[in-house]
Amino acid sequence: MSLHLGAWDVALVVAVSAQATVLAYLYAPRWKALVWMLPIPFTMASLAVGRPVDATNVLGLPLLWVFTHGVRVLHLRARLPIVAAIVVSTAVYIAGGWLLADIVPEGDTAFWISACAMLLIGWVLQRIEPSRDEPGYRSPLPLRYKLPAIIAVVTALLFIKRGLAGFTTLFPMVGVIAAYEARYSLHTMARTVPGIMLTLVPLMMVCRLLQERIGLGPALAVGWVVYLVLLTRLTRSTWKPQADSCASQR
């Protein structure tokens, strides 16, 4: 099988590899989770795919939630090795994306219903999923070995992203690396997905409103501004209780 890499595909590999590498060398689980939340893969994949943001982009979020919890359950409860758990969960995402890509409508009605539903689901999950103190972990592998390995994994994932329509943009390219590097804090990583829903869906809404008027690239840039504002507010509200809890324990 051959893979033709366009300019945005190359940019996707470089950006995702850099993001995953930073994540690998961070120690604290919440910092790993924060770096994972950055919508760099979504942005680059959207530009690489070159299709308007629609309901398939939004509906990649529940598949991402299934992926993260799938890795956690398979590894911690079913006792599968972490690599096997990641492979199975990735296969579930691909199967779900391929099944839904051809049947999800592309129109405004499907998009706005899906977007509003994801915001509600993210809000509910953010409140019912408890936070846990989990051990940190930093990759001991030197950068000269780690970076080529990450680039190889990300490039290999490009082979299987075709045919997923908008689901490609939420394909867990960083998530695969994140799940491995955060294998001692999988609950923290899984609990990040509701936060992704609450911040990424508004970015998608901005793109939906502006992409036909100013183009997808500029619409994504405006969406990033909205995203960063929401991420800042979300991070302050979720990290402060953890800091207060640590202070009270001391």
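Is Phe111 buried or exposed? Select Phe111 and see: Phe111 is buried, with a relative accessible area of 0%. Here, buried means under 20% relative accessible area, exposed means over 50%, and partly exposed lies in between, using a 1.4 Å probe and protein chains only. We will come back to this residue after a look at the whole chain.

**Before you start**

This is a predicted model, in which local features need pLDDT of at least 70 and side-chain atom pairs count only at pLDDT 80 or more, while totals for chains, interfaces and linings use all residues. Residues are numbered from 1 along each chain as its sequence is written, and side-chain values use heavy atoms, with hydrogens and water left out.

**Stop 1: the whole chain**

Show the protein chain as a cartoon. Followed along the sequence, the pattern reads α-α-α-α-α-α-α-α-α-α-α.

Turn the view to take in the overall dimensions. Along the principal axes, the C-alpha atoms fill a box of roughly 55 × 40 × 30 Å. A compact globule of 250 residues would have a radius of gyration near 18 Å, and the protein chain agrees with its 18 Å. That radius is taken over C-alpha atoms, and the globule rule is 2.2 Å times the number of residues to the power 0.38.

Buried residues make up 49% of the 250 residues.

**Stop 2: back to Phe111**

Phe111 sits in helix α7 (residues 108-128). Leaving aside neighbours within four places in sequence, Phe111 is in contact (heavy atoms within 4.5 Å) with Val53, Asp54, Ala55, Val58, Met204, Met205 and Arg208.

Among contacts with a separation of 6 or more, 84% join residues 24 or more positions apart.

**Stop 3: the nonpolar core**

Next, select Trp36, Phe42, Leu61, Val71, Leu170, Leu200 and Met204. Of the 65 residues in the largest nonpolar core, these touch the most other members. Helix α10 (residues 186-214) gives the most to this core, with 11 residues. Such a core is a set of buried Ala, Val, Leu, Ile, Met, Phe, Trp, Tyr and Cys residues joined through side-chain atoms within 4.5 Å.

Zoom in on Trp36. Beyond its neighbours within four places in sequence, its contacts include Gln19, Leu23, Leu64, Thr68, Val174 and Ile196.

**Stop 4**

Which residues of α2 are buried? They are Pro29, Lys32, Ala33, Leu34, Val35, Trp36 and Met37. With seven of its nine residues buried, helix α2 (residues 29-37) is largely enclosed by the rest of the structure.

Then select helix α9 (residues 173-181), which is also largely enclosed by the rest of the structure, because eight of its nine residues are buried. Glu181 is one of the buried residues here, along with others including Met173 and Val174.

**Stop 5**

Move on to Ser185, in the loop between α9 and α10. Ser185 is buried, at a relative accessible area of 3%. Its contacts beyond four places in sequence are Pro29, Glu134 and Pro135.

His75 is found in helix α5 and is buried too, with a relative accessible area of 19%. Show its surroundings: not counting residues up to four places away, His75 touches Leu80, Pro81, Ile82, Ala85, Arg183 and Leu186.

**Stop 6: Val154**

In helix α8 (residues 143-158), pick Val154. This residue counts as buried at 0% relative accessibility. Val154 touches Val13, Val16 and Ser17, leaving out residues up to four places away in sequence.

**Last stop: Arg79**

Finish in the loop between α5 (60-77) and α6 (82-101), where you will find Arg79. Arg79 is exposed, with a relative accessible area of 66%. Check its backbone as well: phi is near 65 degrees, a positive value in a residue other than glycine. Most residues other than glycine have a negative phi.

How values were computed:
Helices (H or I, at least four residues) and strands (E, at least two) are DSSP runs, numbered from the N terminus.
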